[in-house]
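Subject: Handover of a structure and its description

Dear colleague,

Please find below the structure that I am handing over to you.

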Amino acid sequence: APDQWDAMASAIRDAKGNDRTYQAAGLIGTRQDGSGFDKFRHRLIFPIFDAIGRPIAFGGRKLRAEDEPKYLNSAENTLFNKSATLYGLHLAKKPIIDSRTAVIVEGYTDVIACHQAGFTNAVATLGTALTSQHAIELRRYCDKVILVFDADAAGQKAADRAVEVFFSEPVDVAIAVLPTGSDPADLLSNENGADQWRNILDNAIDAMDFHYDRVRAAADATDTLTGRQRIAEQYLATLAQLGLRKIEPARRGIILHRVAQLLKLDVTAVDRMLKGMAQRRPAPTQAPTPIPDSVEYDIHPELPDAPTPSSPLEQTLVGCLLNRPDLFGATMPDGRALEESIAAGDLKHPATRSVFEYAHNWLAEHDALDSMDLRSLIEDEQLLRHALDLKLEAARKCDDDPEAIARALTAAAEQLHAQIAKHQYNENRFTDSQEDDLEQRLLQLREHVKTHNDMSRLPRTRH
């Protein structure tokens with residue numbers, strides 16, 4: 001795409017094309033004066049096709065270091081659903097059918113590198129985690145999906161999401177982690193890169209095993225039987241919420257056996273626990289309000305009331321922190337670190353405030369906070385579910401982009417401070433008004449006493 005604001009818009013206008021078609025496709029936008037501007041500027045463009053090879057969207061990779069974001073996709077529209085589209089599927093479909101396995105890498109260039117090296121069953125999600133919609137599409141062609149990531153932390157995060165896919169669709173999901181600092185293009189360009197790549201895929205770990213190993217490690221690190229039991233029960237409760245009792249018996253039996261090993265009980269006893277959870281499970285809480293693209297506040301100037309309990313701002317702040325706990329010490333717009341800038345008391349929604357308080361206390365002494373840490377910290381099942389919902393929704397809204405999450409967190413902190421300052425100003429103004437009114441009434445009372453004996457005739461003042 002040329003380094004111009006209106007190269008495509010001008011070309012469409014000169015060709016007397018229909019602007020609305022290109023606007024609907026997300027290729028051009030409209031200024032206030034009605035003129036068009038290009039959405040993609042100075043970027044390397046990757047056409048995105050559907051499963052039968054029809055172009056439905058475009059992705060643009062930045063060419064200048066200062067441009068953001070790194071990748072820019074077409075906006076979703078009638079043709080393009082980012083959560084259901086896989087880059088390269090039209091070319092990888094037959095190899096996937098032949099091998100009954102799909103390999104999912106992280107980006108456009110990773111897919112290209114794999115295909116150039118002969119691994120043509122590779123596709124990529126479009127900046128999102130693997131979703132159930134992806135799984136629905138892939139299960140038509142294969143029995144197994146291998147997710148390839150370039151770091152342990154990303155692999156662990158992917159495993160948490162992949163477990164949900166494991167429950168929602170009958171497809172096996174495995175996790176393959178590349179050596180730190182490597183990507184498929186780097187690896188496959190080595191002299192023995194193809195052999196290394198095959199070895200990584202061959203040693204991919206089943207997503208449930210990957211997830212279970214982390215739970216077991218947390219349980220093994222606990223000194224007390226009570227602590228071990230709590231971790232295992234929370235793990236079972238999480239699986240129950242994902243729908244453990246609804247999946248096919250063979251898969252359910254494997255999972256129950258693993259939990260039984262953690263608890264040192266027989267499978268029958270664990271199954272009874274699962275049934276008990278289903279019977280006493282409360283009605284599902286309302287899902288967090290989706291995080292808007294720009295958060296606004298509506299504080300009535302005449303009232304010193306607190307913000308609404310279900311403030312999307314608070315959900316954004318806490319959800320982003322749970323995704324990026326490394327930002328706990330980052331400098332916020334007010335010049336202080338987040339840990340000093342925002343206090344639990346600044347949040348008004350009880351559940352969100354409690355989650356933030358747990359996270360704040362934990363991060364004051366630790367460098368990381370993942371889903372397993374949350375499960376060990378928060379005993380209440382509903383509060384734990386709320387915390388996980390906040391984390392997932394923030395990641396979804398930010399397309400799982402760490403930089404977008406950081407920007408959303410910073411913006412939320414800045415606007416929360418503005419909200420607090422405005423609230424304090426209104427509250428002080430309300431208090432000052434009360435004091436002025438009291439002083440006025442005392443003056444009137446003094447003057448009245450001088451001239452009247454009947455106190456009932458004291459004039460009223462406006463409030």
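The model is predicted, so to speak of local features requires pLDDT of at least 70 and side-chain atom pairs count only at pLDDT 80 or more, while totals for chains, interfaces and linings use all residues. Residues are numbered from 1 along each chain as its sequence is written, and side-chain values use heavy atoms, with hydrogens and water left out.

Strands. Helices (H or I, at least four residues) and strands (E, at least two) are DSSP runs numbered from the N terminus. Strand β9 covers residues 144-149, and five of its six residues are buried (under 20% relative accessible area with a 1.4 Å probe, protein chains only; exposed is over 50%, partly exposed in between). Two strands pair if DSSP finds at least two bridges between them. β9 pairs in the parallel sense with strand β7 (residues 101-105) over four bridges, and A102 stands opposite V145 in β9. β9 also pairs in the parallel sense with strand β10 (residues 172-177), over six bridges; here V148 stands opposite A176.

Helix α10. This helix (residues 225-242) has 18 residues and reaches 26 Å from its first C-alpha to its last, close to the 26 Å expected (1.5 Å times one less than its number of residues). Its buried residues include R228, Q234 and Y235. G243 follows α10 and has a positive phi, near 110°.

Cavity. A search of the whole structure finds one cavity of 30 Å³ or more (a set of points on a 1 Å grid over the protein atoms alone where a 1.4 Å probe fits but cannot get out; lining residues have an atom within 4 Å of a point). The largest cavity holds about 210 Å³ of space. Of the 14 residues that line the largest cavity, D160, E164, S371, R375 and L392 are the closest to its centre. α6 gives the most to this lining, with five residues.

Aromatic rings. The structure holds five aromatic pairs (rings of Phe, Tyr and Trp, the last by its six-membered ring, with centres within 6.5 Å; planes under 30 degrees apart count as stacked, over 60 as edge-to-face and the rest as tilted). The rings of Y87 and Y108 have centres 4.8 Å apart and planes at 65°, so this pair is edge-to-face. Both Y87 and Y108 are buried.

Yours sincerely

Note on methods
1 Å grid on protein atoms, 1.4 Å probe; cavity = no way out; pocket = protein on both sides within 12 Å on 5 of 7 lines; lining within 4 Å. Points joined across faces, edges and corners; volume = space filled by probe spheres on them.
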